[in-house]
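Visitor: I am new to this structure and would like to learn how to read it. Could you take me through its features one at a time?

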Amino acid sequence: MPEGPSVRKFHHLTSPFVGQQVVKTGGSSKKLNPASFQSLWFQDTQVHGKKLFLRFDPDEETKSPSNNPLPEPLQKGERKKEAGDLKQTSGPESQNISDQCSQSGSGDNSSECLGGDSPAGGAQRWLQVSFGLFGSVWVNEFSRAKKANKRGDWRDPIPRLVLHFSSGGFLAFYNCQMSWSSSPVVQPTSDILSEKFHRGQALEALGQEQPVCYTLLDQRCFSGLGNIIKNEALYRAGIHPLSLGSLLSPRQLEVLVDQVVEFSTDWLQGKFQGRQNHTQIYQKEQCPTGHQVRREAFGPPGGFQRLTWWCPQCQPRLPPDEPEQAQLS
Ligand SMILES: [Zn+2]
């Protein structure tokens, strides 16, 4: 499942095509209509957290009101509504977290609306790509079946969108959710791989009175952080996933943020050096010290429950007299 480092790699893969025109299209997406990309110019690509943004502009010479393949420009005020929708993606249960994160300085004031000053104004020219659990981008080759399906067929995955460019190369998008937006609404201060990542804001979010493993996966607080980074950072910091942030010392929270950034950065570097990402606890039976690892699904009540691996010895629970301890023995 693509986390921040993987999406940054996808961004890197799409960059060489910037400045080129789409000459042929394909793909199974019904929502987007791949044919509508025909003749558009791929003008820019940006990565924010786990999202990839691709900007497409029509060919100015062929553009006319009747054959403009892009949706009508947004009305004033639409952008604000859009930002509001984004905040609701994790469900009403996480509203509390949302408020906390906004308080810690990542409010609307610090978000950046990129591309808003371009001649295109509010037109929806940014394709927003989310990768969910299994999304991917392929360059100049198609994904092939790795195994037969239940009926024994070796059927290759079908890309949602294929864009062939004037250079002769192509991009194929698999299992992505894609939609048009007027501009990438981003908060680089919460992006764990951004130079603008704000430690103080991250520390404040983690210090809430809720399990740290919930806060880490909240994309409004830790954009780009996924389940692998969550498990690895918690293990390396020696913190139990269900520890309430409010009970951890400032030093422990600092160490946790350090581990998040260190592991993510190292993973990203490894991707460019062809190095395998080595996990110590994620999907392991034993921790590096040889202790038995535990595995359970954790998530906010009513929210997405994510499998979590932890070592009861290396990551003791705080406070130690919680009911779960009784179950353990
Ligand atoms: Zn251990």
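**A guided reading**

Guide: Welcome! The chain has 8 helices and 12 strands; helices (H or I, at least four residues) and strands (E, at least two) are DSSP runs numbered from the N terminus. This is a predicted model, in which local features need pLDDT of at least 70 and side-chain atom pairs count only at pLDDT 80 or more, while totals for chains, interfaces and linings use all residues. Residues are numbered from 1 along each chain as its sequence is written, and side-chain values use heavy atoms, with hydrogens and water left out.

Visitor: What is the mean pLDDT of the chain?

Guide: pLDDT is the predictor's confidence in each residue, from 0 to 100. Here the chain has a mean of 82, and 77% of its residues reach 70 or more. Over residues 102-121 the pLDDT is below 50, and this stretch has 40 contacts in the model beyond near neighbours in sequence. Contact means heavy atoms within 4.5 Å. Residues 324-329 also have pLDDT under 50, with 8 contacts beyond four places in sequence.

Visitor: How many of the residues in the chain are buried, as a percentage?

Guide: Buried means under 20% relative accessible area, exposed means over 50%, and partly exposed lies in between, using a 1.4 Å probe and protein chains only. Of the 329 residues in the chain, 46% are buried.

Visitor: Which residues have the most contacts inside the largest nonpolar core?

Guide: In soluble globular proteins, nonpolar side chains tend to be buried together. A nonpolar core is a set of buried Ala, Val, Leu, Ile, Met, Phe, Trp, Tyr and Cys residues joined through side-chain atoms within 4.5 Å. The largest one here has 40 residues, and I192, L206, L216, F222, L225 and L256 have the most contacts inside it. At least two core residues come from each of α4 (199-206), α5 (212-217), α6 (227-237), α7 (250-273) and β12 (306-310). The largest share, 8 residues, comes from α7. Another core lies apart from it, with 24 residues, among them V7, L52, F165 and W180.

Visitor: And what does F222 touch?

Guide: Setting aside residues up to four places away in sequence, F222 touches S190, I192, F197, A202, L206, T215 and L216.

Visitor: Which residues are the protein donors of the zinc ion?

Guide: Donors are N, O and S atoms within 2.8 Å of the metal (3.2 Å for Na, K and Ca); water is not among the atoms, so sites may look incomplete. For the zinc ion, the protein donors are C287 (SG), H291 (ND1), C311 (SG) and C314 (SG), at 2.2 to 2.3 Å from it. Along the chain they follow the spacing C-x3-H-x19-C-x2-C. C311 is buried at 0% relative accessible area, whereas C314 is partly exposed at 23%.

Visitor: Why is the arrangement around the zinc ion tetrahedral?

Guide: Four donors count as tetrahedral if all angles lie between 85 and 135 degrees. The 4 donor atoms here subtend angles of 100 to 122°, which makes the arrangement tetrahedral.

Visitor: How many aromatic pairs does the structure hold?

Guide: Rings of Phe, Tyr and Trp (its six-membered ring) pair if their centres lie within 6.5 Å; planes under 30 degrees apart count as stacked, over 60 as edge-to-face and the rest as tilted. The structure holds 13 such pairs. In one of them, the rings of F42 and F165 have centres 5.8 Å apart and planes at 35°, so the pair is tilted. F42 lies in strand β2 (residues 41-48) and F165 in strand β7 (residues 161-165), so the pair ties together parts 123 residues apart in sequence. Both F42 and F165 are buried. F17, F37, F42, F56, F165 and W180 form one aromatic cluster.

Visitor: Where is N33, and what is its phi?

Guide: Most residues other than glycine have a negative phi. N33 has a positive phi of about 60° although it is not a glycine, and its place is in the loop between β1 (22-26) and β2. S39, in the loop between β1 and β2, has a positive phi of about 75° and is not a glycine either.

How values were computed: Tetrahedral: all angles 85-135°; square planar, octahedral: opposite > 155°, others 65-115°.
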